[in-house]
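Subject: Structure handover and notes

Hello,

Please find the structure we spoke about below. My notes on it follow; please read them with the model open.

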Amino acid sequence: MIELKSNQRCLLRCGDSKKLIKQIPDNSIDLVFTDPPYNIGKHSTGNIPLPGRTPMNNDVAKWDWIDFSPEEWTKDFIRILKPTGNLFIFTSYNQLGRWYASLDHRFDTSQFMIWHKTNPAPKIFKAGFLNSCEMIFCCWNKKHTWNFISQKEMHNFIESPICMKPERISEPKHPTQKPVSILKKIISISTNENDIVFDPFMGVGSTGIASLELKRKFIGFELEKDYFEASKKRIFKWKNLNEK
């Protein structure tokens with residue numbers, strides 16, 4: 001079984017999360033918070049040529065080309081969540097409807113949030129809208145954990161820059177690395193101290209950092225070895241600096 005010991009704050013595994021999640025006990029997770037593949041790579045127009053400059057990379061990553069089916073995750077997400085648990089999933093226009101269809105009828109409430117990126121990648125030729133928003137699909141049941149203080153906090157709209165240096169990791173570069181500030185906002189609303197946050201698509205470990213900074217516990221899985229090693233290095237560096 002994959003579960004945290006009483007004195008353990010973080011547990012990381014490198015491997016196929018679809019298989020690893022089967023080892024997580026029922027009703028043991030307080031928050032599933034993840035950023036799975038969007039499958040938008042196949043719609044990419046490739047690099048964008050710029051006069052007198054290096055072409056702009058408009059691709060995502062090879063792993064985003066692999067077909068991802070939200071429906072395959074529904075059963076295990078519901079199984080591992082506590083009755084008071086919450087589910088937040090970063091997604092895109094082409095996957096939002098599938099998440100809704102597979103999860104909405106299984107929870108008392110489902111909604112979506114918008115993350116507005118204040119500094120999105122530019123469109124040099126002004127041929128369409130900037131990709132300045134990402135959606136976050138969320139679900140919960142009655143009596144779930146919710147820590148709002150004021151009405152102002154309850155807007156389903158969050159605004160921040162995209163992840164930039166020095167926070168953004170350059171080796172290996174993750175094209176969809178999320179800023180810790182955005183993750184902390186959602187974790188603080190939907191969990192309490194010592195709750196367990198689970199991310200089956202950990203990437204370079206941002207959800208883990210956000211969880212630990214808020215005194216939550218964290219379980220993270222990642223298939224790509226380079227990302228996993230970067231996550232492990234980043235998270236344990238934070239722990240060594242802050243948990244002496």
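A residue is called buried here if its relative accessible area is under 20%, exposed if that area is over 50%, and partly exposed in between. By that rule, helix α5 is mostly covered, with 7 of its 8 residues buried. Please keep in mind that this is a predicted model.

The chain as a whole

The protein chain has 244 residues, and 50% of them are buried. Its secondary structure consists of 6 helices and 10 strands. Among contacts with a separation of 6 or more, 74% are between residues 24 or more positions apart. The accessible surface is about 13,400 Å², and carbon and sulfur atoms contribute 53% of that.

Which residues of α5 are buried? They are Ser-206, Thr-207, Gly-208, Ile-209, Ala-210, Ser-211 and Leu-212. The elements covering them include the strands β2, β9 (196-199) and β10 (217-222), as well as the helices α4 and α6. Just after α5, Lys-215 has a positive phi of about 65°.

Helix α5 covers residues 206-213 and helix α6 covers residues 225-242; their axes are 9 Å apart and meet at an angle of about 20°. On the α5 side, the contact is made by Ser-206, Gly-208, Ile-209, Leu-212 and Glu-213, and on the α6 side by Arg-234, Ile-235, Trp-238 and Lys-239. Angles under 35 degrees count as roughly parallel, so α5 and α6 are roughly parallel to each other. Their crossing is right-handed.

Ser-110

Ser-110 sits in strand β6, which spans residues 109-117. Is this residue buried or exposed? Its relative accessible area is 17%, and the limit for buried is under 20%, so Ser-110 counts as buried. Its side chain makes a polar contact of 2.5 Å with the side chain of Asp-104. Leaving aside residues up to four places away in sequence, Ser-110 touches Tyr-100, Asp-104, Phe-137, Cys-138 and Cys-139.

Backbone points to check

Two cis peptide bonds are worth a look in the viewer. One joins Lys-165 and Pro-166, with omega about 5°. The other runs from Glu-171 to Pro-172, with omega near -5°. Pro-166 is in the loop between β8 (157-160) and α4 (180-190), and Pro-172 also lies in the loop between β8 and α4.

Positive phi values also turn up in loops. Asn-27, which is not a glycine, has a phi of about 50°. It is placed in the loop between α1 (17-20) and β2 (29-34). With a relative accessible area of 47%, Asn-27 is partly exposed. Lys-143, likewise a residue other than glycine, has a positive phi near 70°. Its loop lies between β7 (133-140) and β8. Where Asn-27 is partly exposed, Lys-143 counts as exposed, at 77% relative accessibility.

Regards

Technical notes: Residues are numbered from 1 along each chain as its sequence is written. This is a predicted model: local features need pLDDT of at least 70, side-chain atom pairs count only at pLDDT 80 or more; totals for chains, interfaces and linings use all residues. Side-chain values use heavy atoms; hydrogens and water are left out. Helices (H or I, at least four residues) and strands (E, at least two) are DSSP runs, numbered from the N terminus. Buried means under 20% relative accessible area, exposed over 50%, partly exposed in between (1.4 Å probe, protein chains only). Contact means heavy atoms within 4.5 Å. Accessible areas come from the Shrake-Rupley method with a 1.4 Å probe; for residues, only the protein chains shown count as cover. A polar contact is a pair of N or O atoms within 3.5 Å; within protein, one must be able to donate a hydrogen and the other to accept it, and residues adjacent in sequence count only if both atoms are side-chain atoms. Axes are lines fitted to C-alpha atoms, for helices over the stretch in contact, and angles run from 0 to 180 degrees between N-to-C directions. Angles under 35 degrees count as roughly parallel, over 145 as roughly antiparallel, 65 to 115 as roughly perpendicular and the rest as oblique. A crossing is left-handed if the near helix is turned anticlockwise from the far one by less than a right angle, and right-handed if clockwise.
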